[in-house]
Amino acid sequence: MNNRNINFTTFCVIEHKDTKTTPPHQLPIYATSSFVFEEVEESIEIFKGNKSGHVYSRYGNPTIDTVAEKIAAMEGKGSEEVPFAFLTSSGMSAISTLLYTLLNAGDAVLTQANIYGGTTELFNKVLSRHGIHPVFARFDQMEELDHIIVNNPGIKAIYLETPSNPTLDCVDLSEIAHMAQKHGIVTIIDNTFCTPYLQQPFLFGIDFVIHSATKYLNGHGNSLAGVILGRNNAHKAAVKTTLKLMGGTCNAWDAWLLNNGLKTLALRMDAHCSNAMQLAVWLNAHPRVTKVNYIGLQDHPYHAIASKQMRAFGGMLSFMVDGSMEDTFEVINKLSLCTQAPTLGDVDTLILHPASSSHLNVDKDLRASFGITDNLVRVSVGIEDINDLIADFEQALK
Ligand SMILES: Cc1ncc(COP(=O)(O)O)c(C=O)c1O
């Protein structure tokens, strides 16, 4: 029908299409929940996956899929296979969607206790109600892990972080991948702390990678997103089905903000790593600091493993204040340049007290056994001038 013949009310409702433009320099935000078809036959072909195209943004959208492809290329750089990737609404959505895809009631997951507290809570409070149980262990003794797997035939997956949150323990990726393959179980790593710029787990034989893209991948603290990546395309359809039906898809706006962040990822990570190293050395020499967890320090127990599998040592560190929890709070409260915020990976330096925030809901004894003590402070070191950062810590520790 010609637009001239329709009434004003109808004209308001009809979507007006651009017909003149040349291709945009920057990725557009496709703010649309659905896509239109010229003919029914076309929609059937796209629904069946025989023809490329989009149907409904919960299933996929050009903005979301373009950003996912870019992260897949980053994670797969240097490997023969290009991994598959899906963007999700948050890091937690990436973790839960993947675990629900891979596991069934009666299965168990071998994991560490010193990982992101939300993941531990997901295991304890949600997945276990559906018959999927965590088995917690330390990941530094491979023989012990081997023994646990042999004695727990229900273990179908290994879920890990390296470096872990907030104590920065590292796991040898090649060794763990090799052991899992021997037992026919899958490996999943949360690569949030490293990003593919610092560590590419697929090159070491890990099967699945997840990210909280809310952190370093975005880098500016202005969107929530997650990523699920798989090395083997055989799992792609199953992950897509779970994501589509559980509905934890990303949205175009957050994907677009993430895309902006990705452009400076390498530059930002270099600056984070350089500042974290300098701050760790300074803190290590301070009389009021009893311990510094930073894998870049040569005497850190995991320095050798980190050197083997990471390009540099990252922007995260934690340290223990010589004193009580109250003394530790005082130091945190005195920091004025650094911001107290329950996130990490932004361009500015962020401080957190894990025992009373990210790991509050992890059992106190379990927490303590993994070094998450009441005097532990986690620092996500930003890209400010290092002299200003050191000056801030100096006045706070006085
Ligand atoms: C290492 C790690 N993984 C996963 C998550 C969860 O990510 P999101 O908050 O995007 O759901 C976080 C959040 O802090 C995290 O630190």
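Tutor: Strand β2 covers residues 108-111 and strand β4 residues 155-161, and the two pair in the parallel sense over 4 bridges. One of the residues involved is Ala 108, whose bridge partner in β4 is Ile 155. The model is a predicted one, and the account below should be read with that in mind.

These two strands belong to an open sheet of 7 strands, with the order β1-β7-β6-β5-β4-β2-β3. The pairing in this sheet is mixed. At its edges stand β1 (84-88) and β3 (133-136), each of which pairs on one side only. On average, neighbouring strands of the sheet are turned by 20 degrees against each other, with direction ignored.

The strands β1 and β7 run antiparallel and are joined by 5 bridges. In this pairing Phe 86 stands opposite Ile 228 of β7.

Strand β7 itself, residues 226-230, has 5 of its 5 residues buried, so the strand is largely enclosed by the rest of the structure.

Val 227 leads on to the nonpolar core. The largest nonpolar core has 102 residues, and Val 227 is among those that touch the most other members, together with Leu 98, Ala 276 and Leu 317. Helix α11 (residues 265-284) supplies the largest share of this core, 7 residues. Both domain 1 (42-262) and domain 2 (265-397) give residues to the core, so the core lies between them. In soluble globular proteins, nonpolar side chains tend to be buried together.

The ligand comes next. It is surrounded by 14 residues, and the closest are Ser 90, Gly 91, Tyr 116, Ser 212 and Thr 214. By class, the shell around the ligand divides into 4 nonpolar, 8 polar and 2 charged residues.

The C-alpha atoms of Asn 251 and Ser 89 are separated by 6.9 Å, although the two residues are 162 residues apart along the chain. Asn 251 sits in the loop between α9 (236-246) and α10 (252-262). With 20 C-beta neighbours inside 10 Å, Asn 251 counts as buried.

The loop between β4 and α7 (173-183) contains Pro 163, and a cis peptide bond joins Thr 162 to Pro 163, with omega about -5 degrees. Pro 166 is found in the loop between β4 and α7 as well. The bond between Asn 165 and Pro 166 is also a cis peptide bond, with omega about 5 degrees.

Leu 168 is another residue of the loop between β4 and α7. Its phi is positive, about 65 degrees, although Leu 168 is not a glycine. Leu 168 counts as buried because it has 27 C-beta neighbours inside 10 Å. A further positive phi, near 65 degrees, occurs at Thr 195, likewise a residue other than glycine. Thr 195 is placed in helix α8 (residues 195-198). With 28 other C-beta atoms within 10 Å, Thr 195 is buried.

Note on methods: Residues are numbered from 1 along each chain as its sequence is written. This is a predicted model: local features need pLDDT of at least 70, side-chain atom pairs count only at pLDDT 80 or more; totals for chains, interfaces and linings use all residues. A residue is near a molecule or strand if its C-beta atom, placed from the backbone, lies within 6 Å of it. Ala, Val, Leu, Ile, Met, Phe, Trp, Tyr, Cys and Pro count as nonpolar, Asp, Glu, Lys and Arg as charged, and the others, Gly among them, as polar. Two strands pair if DSSP finds at least two bridges between them. Axes are lines fitted to C-alpha atoms, for helices over the stretch in contact, and angles run from 0 to 180 degrees between N-to-C directions. A nonpolar core is a set of buried Ala, Val, Leu, Ile, Met, Phe, Trp, Tyr and Cys residues joined through C-beta atoms within 7 Å. A residue is buried if 20 or more other C-beta atoms lie within 10 Å of its own, exposed if 12 or fewer, and partly exposed in between; C-beta atoms are placed from the backbone. Domain bounds come from an automatic or database domain assignment.
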